[in-house]
Amino acid sequence: MGTDKETRINYSDNISDNKPIIIRRCTLEDLEAVIDVNERELPEDYPYFFYKSILDNYPESFLVACDDTGKVIGYIMWRVEKTPAIHSLKLINKGHLVSIAVLKDFRRLGVATALLNNSMKSVKKHKIHEFVLEVRVSNYSAINLYKKFNFTTNSIKDRYYRDGENAYFMTLKP
Ligand code: ACO
Ligand code: ZN
């Protein structure tokens, strides 16, 4: 698909340094680093083949953020799911946010915002009916981030996580 250009984000509000962060598509070579970020920052981890299948199927919305040395400091991945529409046999597409994370040292700089903005454009091209995601009810930062994008809480998924915590099921019409 067309342009594969990188996005550079600059931090006017970041006093300590203003080194650029690059947002670009994930490659096969990035997967180990993506898994490393996931394992550091989230309790949910997935096997390698899971990341690989997301990359194979939805490469245009699997993005990484890299620091000035090229190190992966964040990622986002989506998949598109076909589900039956309510009251109809018609199948509709939903853009499901599978996972997003940013390393602690790079938080609150707008990296997640840039990852979401850039990837949602690509997900939209699948003619999706809505964006959906689950988030731990205790995950204040992520819930705030999603609210900033106008996601709203559709329902609570009881004991959604292995440790028994509930999830908010949040949705957004594109
Ligand atoms: N406290 C309150 N609000 C926050 C916080 C925080 N610590 N961090 C982010 N936000 C909200 C704010 O509204 C913020 O806007 P503002 O800075 O203008 O106030 C907005 O999110 C955007 O912040 P970004 O700088 O773009 O977000 P960041 O790059 O720091 O990443 C993220 C946010 C991904 C939630 C990060 O904290 C993280 O990696 N957490 C651990 C992993 C995680 O929880 N991922 C989501 C799991 S759910 C899922 O993947 C479907
Ligand atoms: Zn999910």
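Colleague: Why are helix 1 and helix 2 called oblique to each other?

Modeller: In this predicted model, helix 1 (residues 31-41) and helix 2 (residues 48-57) pack at an angle of about 120°, and their axes are 11 Å apart. Angles under 35 degrees count as roughly parallel, over 145 as roughly antiparallel, 65 to 115 as roughly perpendicular, and the rest as oblique. The angle of about 120° belongs to the rest, and helix 1 and helix 2 are therefore oblique. The crossing of helix 1 and helix 2 is right-handed.

Colleague: Which residues make the contact of helix 1 with helix 2?

Modeller: Helix 1 contributes L31, V34 and I35, while helix 2 contributes Y48, Y51, K52 and L55. Sorted by class, the contact has six nonpolar residues, no polar residues and one charged residue. Lys counts as charged, and K52 is part of the contact.

Colleague: What makes L42 partly exposed?

Modeller: A residue is buried if 20 or more other C-beta atoms lie within 10 Å of its own, exposed if 12 or fewer, and partly exposed in between. L42 has 15 C-beta neighbours inside 10 Å, and therefore counts as partly exposed. L42 is found in the loop between helix 1 and helix 2. Not counting residues up to four places away in sequence, L42 touches S99 and A101. The C-alpha atoms of L42 and E130 are separated by 25 Å, and these residues are 88 apart along the chain.

Colleague: How do you know whether I73 is buried or exposed?

Modeller: The count for I73 is 22 other C-beta atoms within 10 Å. A residue with 20 or more is buried, so I73 is buried. I73 lies in strand 4, which covers residues 72-84. Residues up to four places away in sequence aside, I73 touches A65, C66, D67, V102, L103 and F106. I73 and V37 are 36 residues apart along the chain, and their C-alpha atoms are separated by 6.8 Å.

Colleague: Why is D68 called exposed?

Modeller: D68 has 10 other C-beta atoms within 10 Å. The limit for an exposed residue is 12 or fewer, so D68 is exposed. D68 is found in the loop between strand 3 (63-66) and strand 4. Its contacts, leaving aside neighbours within four places in sequence, are with K19 and P20. The C-alpha atoms of D68 and I21 are separated by 6.3 Å, although the two residues are 47 apart along the chain.

Colleague: What makes A167 partly exposed?

Modeller: A167 has 18 C-beta neighbours inside 10 Å, so A167 counts as partly exposed; that class lies between 12 or fewer and 20 or more. A167 lies in strand 8 (residues 167-172). Leaving aside neighbours within four places in sequence, A167 is in contact with E134, V135, R136, V137, K157, Y160 and Y161. A167 and I21 are 146 residues apart in sequence and 31 Å apart in space, C-alpha to C-alpha.

Colleague: How do you know whether K127 is buried or exposed?

Modeller: K127 has 10 C-beta neighbours inside 10 Å and therefore counts as exposed, the limit being 12 or fewer. The place of K127 is in the loop between helix 3 and strand 6. Phi of K127 is near 50°, a positive value in a residue other than glycine.

Colleague: Why is N150 called exposed?

Modeller: N150 has 10 C-beta neighbours inside 10 Å, so N150 counts as exposed under the limit of 12 or fewer. N150 is placed in the loop between helix 4 and strand 7 (152-157). Phi of N150 is near 75°, which is positive in a residue other than glycine.

Notes
Residues numbered from 1 in each chain as written. Chains lettered and ligands numbered in written order. Predicted model: local features only at pLDDT ≥ 70, side-chain atom pairs only at ≥ 80, totals over all residues. Axes fitted to C-alpha atoms, helices over the stretch in contact; angles between N-to-C directions. Helix = DSSP H or I, 4+ residues; strand = E, 2+ residues; numbered from the N terminus. Left-handed = near helix turned anticlockwise from the far one by under 90°. Contact = placed C-beta atoms within 7 Å.
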